[in-house]
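Here is a walk through one model, taken a region at a time. Keep the viewer open while you read.

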Amino acid sequence: MGIVTPGFQGRARSADDKLPPGQYLVEDFPVLSAGPAPRVRLENWRFTVTTETGQKHEWTWADLKTLPSETPTVDIHCVTRWSKFGTSWRGVSLDTLLADVDTAADYVMAESHGGYTTNLPLEDLLDGQAWIAYEFEGEDLPAEHGGPARLLVPHLYFWKSAKWVKGLRLMLDDDLGFWEAAGYHSYGDPWREQRYQGD
Amino acid sequence: MVQGKLAWRVGRLAEVRDETPTARTLVLDVPGWPGHLAGQHVDVRLTAEDGYSTTRTYSIAAPADGERVEITVQRVPGGEVSPFLTEVFAPGDPVELRGPVGGWFVWRPASRDPVLLVAGGAGIVPLMAMVRARRQAGSRTPFKLLYSVRTPEDVYYAGELRRPEAGLDVTFVYSRKGPADWPGEPHRIGVADVNNAGWPAEFAPQCFVCGPTGFVEAVANILVALGHAPRRVKTERFGPSGS
Ligand SMILES: Cc1cc2nc3c(=O)[nH]c(=O)nc-3n(C[C@H](O)[C@H](O)[C@H](O)COP(=O)(O)OP(=O)(O)OC[C@H]3O[C@@H](n4cnc5c(N)ncnc54)[C@H](O)[C@@H]3O)c2cc1C
């Protein structure tokens, strides 16, 4: 337990077991990014998976939309302490996109329009845990929230769900993405409150 | 940038300054504080007698100065932490802090690019740290500050910002009610304000925008529309809501 600050009582405690430690619940959908939203035109949109040997797999917007989609409903947790329950999305499972990719990599760098990057273990993207999402609550994903398409990895803090995603680079060794290089946690499990390096 | 584990440290409130009727600057003494850059923030953790604790993030209001950490807290009505910090927390009382956090929304005194700062309400806090860092370093880098507030009574650091300072242009925009001698009607910041008070995009300034989410989105989009490269527009959002 931390040291007590005299006079501080805090609000009535609620034990909500869907809420990770240190988070509070919001009804709206706040925006968090390091700069303005890049505007990406669908005719130029590509999603590229690059393996550790340099082999590329590429999908256009039309390709993506012809792949089987899923409609996950998930809770999301932002490192700035808000959580939102029951958000619904449509997108393509990474299991589908990575099915024919031959790789020995254990790690992935997600890369976005605008230069944003974030690193993840490959296994966290597989087995029904991650999607390339293009609809939110039944509508096209707005640019502020990462549209036309973003990575969705709801079991990790939401900065891992890279907005405006344009590709995945498969890596044999882990490397640090944008926020991770600035001191945020390399993995980012909200249930273990892995906010900053060393947490 | 942040090396190893970010440790919780115990700080003590050394001094308070009321900025407005609802915002208070807290000057904390934090033994072992490693220093910070203008624009970074700190996590503040409060623990009650029964062991319950909760954490909030606050921007640092002044450049590094030994073991001193200055924050300015706006009272959010009904909030769990901000009313406590602005009304109850008293000099000599301890609180836990860790940081500094954030290595992106920072201004370094060695930088020579012209700077545009755009603040909405409490969003002035990290931008004031940049203004003060410039002064502390004797930097001649030209700064422009565009500061949106509801009324003249809501201006933080008013005495300091109204004192003329070479190379720093300050423009206020009032959203609810301006002072008697202010030309123009109260309004939210728009493209004309940013265009008039800012730098031409050809000067390739560094732009820092901070405030409530909706404000930051609006200003960042205006800057991009005015031709500023998105990578030169750095943003920090305080509020979870679009208010
Ligand atoms: C990077 C960053 C830097 C920040 N810097 C500062 C700063 O320099 N000065 C400062 O005063 N605050 C700052 N904040 C906001 C601060 O962290 C707290 O959110 C704020 O003090 C409210 O806390 P509370 O416990 O009083 O309110 P809570 O009890 O958390 O919330 C009360 C009500 O207000 C809403 N709410 C919560 N947080 C906010 C908010 N930030 N804005 C509007 N409504 C809110 C909640 O949804 C709830 O309805 C910063 C936030 C971030 C993310």
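What follows is a short tour of a predicted model, from a strand to a core, an interface and some charged pairs.

## A covered strand in chain A

Let's start with β7(A), which spans residues 117-121. Five of its five residues are buried, so by the cut-off of under 20% relative accessible area the strand is mostly covered. In a regular strand, side chains alternate between the two faces of the sheet. Here both faces are covered: Thr117(A), Asn119(A) and Pro121(A) sit on one side, Thr118(A) and Leu120(A) on the other, and all are buried.

And what does β7(A) pair with? Its antiparallel partner is β6(A), residues 107-112, and five bridges join the two.

## The nonpolar cores

The largest nonpolar core has 41 residues. Which of them touch the most other members? That would be Phe47(A), Leu94(A), Leu125(A), Ile132(A) and Leu151(A). Several elements of chain A give two or more residues to this core, among them β2 (46-50), α1 (61-66), β6 and β11 (165-171).

Leu94(A) is a handy place to look around from. Leaving aside neighbours within four places in sequence, Leu94(A) is in contact with Leu125(A), Leu126(A), Ala130(A), Trp131(A), Ile132(A), Leu151(A) and Leu168(A). There is also a second, separate core of 30 residues, including Ile124(B), Ala129(B), Leu161(B) and Leu168(B).

## Where the chains meet

Chain B puts 46 residues into the contact and chain A puts in 38. Between them, about 3400 Å² of area is buried, and carbon and sulfur atoms give 55% of that.

On the polar side, eight residue pairs are in polar contact across the interface. From chain B, the elements that each supply at least two residues to the side touching chain A are β3 (41-47), β4 (53-59), β6 (94-101), α5 (213-225) and β11 (233-237). Two salt bridges also cross the interface. One of them pairs Arg81(A) with Asp43(B), with the closest N and O atoms 3.5 Å apart.

## Charged pairs within the chains

Over all chains, the structure has 26 salt bridges. Side chains of opposite charge can pair when their charged atoms come close. In chain A, Glu144(A) and Arg39(A) do this with their closest N and O atoms 3.8 Å apart. That pair links distant parts of the chain: Glu144(A) is in the loop between β9 and β10, Arg39(A) is in the loop between β1 and β2, and they are 105 residues apart. Glu144(A) is partly exposed at 27% relative accessible area, while Arg39(A) is exposed at 56%.

Glu43(A) and Arg41(A) form another salt bridge, at 2.9 Å from N to O. Are these two buried or exposed? Glu43(A) counts as exposed at 51% relative accessibility, and Arg41(A) is exposed at 53%.

Over in chain B, Arg24(B) and Asp18(B) meet at 2.8 Å, N to O. Arg24(B) is buried at 17% relative accessible area, whereas Asp18(B) is exposed at 53%. Chain B also has salt bridges that share partners, and these join Glu15(B), Arg17(B), Asp29(B), Arg68(B), Glu70(B), Arg132(B), Arg135(B), Glu160(B) and Glu165(B) into one network.

Notes
Residues are numbered from 1 along each chain as its sequence is written. Chains are lettered from A and ligands numbered from 1 in the order in which they are written. This is a predicted model: local features need pLDDT of at least 70, side-chain atom pairs count only at pLDDT 80 or more; totals for chains, interfaces and linings use all residues. Side-chain values use heavy atoms; hydrogens and water are left out. Buried means under 20% relative accessible area, exposed over 50%, partly exposed in between (1.4 Å probe, protein chains only). Helices (H or I, at least four residues) and strands (E, at least two) are DSSP runs, numbered from the N terminus. Two strands pair if DSSP finds at least two bridges between them. A nonpolar core is a set of buried Ala, Val, Leu, Ile, Met, Phe, Trp, Tyr and Cys residues joined through side-chain atoms within 4.5 Å. Contact means heavy atoms within 4.5 Å. Buried area is the accessible area (1.4 Å probe) that two parts lose on being put together, summed over both. A salt bridge is a side-chain nitrogen of Lys or Arg within 4 Å of a carboxyl oxygen of Asp or Glu. A polar contact is a pair of N or O atoms within 3.5 Å; within protein, one must be able to donate a hydrogen and the other to accept it, and residues adjacent in sequence count only if both atoms are side-chain atoms.
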